[in-house]
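Welcome! Have a look at the sequence and the model first, then read on.

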Amino acid sequence: MELNSFQEKMRHFLPEIELRFEEPMSRHTTFRIGGPAKRMAYPSSREQLVLLLNFAEKSGADPLVIGNGSNLLAPDEGLNR
């Protein structure tokens, strides 16, 4: 998969955070529904989360923090975030 400019910058700035692209939301919701998220990041600490959210804000991204996915309904067409 070819990375766009935002994804390349994110991988460069936060190389230790796991990133996935076109990740099915059905894998992350209690009801097992939902299409692909454009990109997902998996910070492993509070510090990584803070860095990630700061990076997203400065880059003009619109992050969505989903936690463990309980009580979350994701659309079948996916999330473009």
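Which side chain does the side chain of His-28 join in a polar contact of 2.9 Å? The partner is Glu-23. Keep in mind that this is a predicted model.

**Around His-28**
- You will find His-28 in the loop between β1 (18-24) and β2 (36-42).
- His-28 has a relative accessible area of 17%, and because buried means under 20%, this residue counts as buried.
- Leaving aside residues up to four places away in sequence, His-28 touches Arg-20, Glu-23, Met-40, Tyr-42, Ile-66, Asn-68 and Gly-69.

**The largest nonpolar core**
- Eight residues make up this core: Phe-6, Met-10, Leu-14, Ile-17, Leu-19, Phe-21, Leu-52 and Phe-55.
- At least two residues of the core come from each of α1 (5-13), β1 and α2 (46-59).
- Leu-52, one of the core residues, touches Met-10, Leu-14, Ile-17, Ala-41 and Pro-43, again not counting residues up to four places away in sequence.

**A nonpolar patch on the surface**
- Phe-31, Ile-33 and Leu-73 form this patch, and together they have about 310 Å² of accessible area.
- Like His-28, Phe-31 lies in the loop between β1 and β2.
- Is Phe-31 buried or exposed? Its relative accessibility is 52%, and since exposed means over 50%, Phe-31 counts as exposed.
- That loop therefore holds both a buried residue, His-28, and an exposed one, Phe-31.

How values were computed. Residues are numbered from 1 along each chain as its sequence is written. This is a predicted model: local features need pLDDT of at least 70, side-chain atom pairs count only at pLDDT 80 or more; totals for chains, interfaces and linings use all residues. Side-chain values use heavy atoms; hydrogens and water are left out. Helices (H or I, at least four residues) and strands (E, at least two) are DSSP runs, numbered from the N terminus. Buried means under 20% relative accessible area, exposed over 50%, partly exposed in between (1.4 Å probe, protein chains only). A polar contact is a pair of N or O atoms within 3.5 Å; within protein, one must be able to donate a hydrogen and the other to accept it, and residues adjacent in sequence count only if both atoms are side-chain atoms. Contact means heavy atoms within 4.5 Å. A nonpolar core is a set of buried Ala, Val, Leu, Ile, Met, Phe, Trp, Tyr and Cys residues joined through side-chain atoms within 4.5 Å. Patches are made of residues with over 30% relative accessible area and no salt bridge: like charges are joined within 9 Å, nonpolar side chains (Val, Leu, Ile, Met, Phe, Trp, Tyr) within 5 Å. Accessible areas come from the Shrake-Rupley method with a 1.4 Å probe; for residues, only the protein chains shown count as cover. A salt bridge is a side-chain nitrogen of Lys or Arg within 4 Å of a carboxyl oxygen of Asp or Glu.
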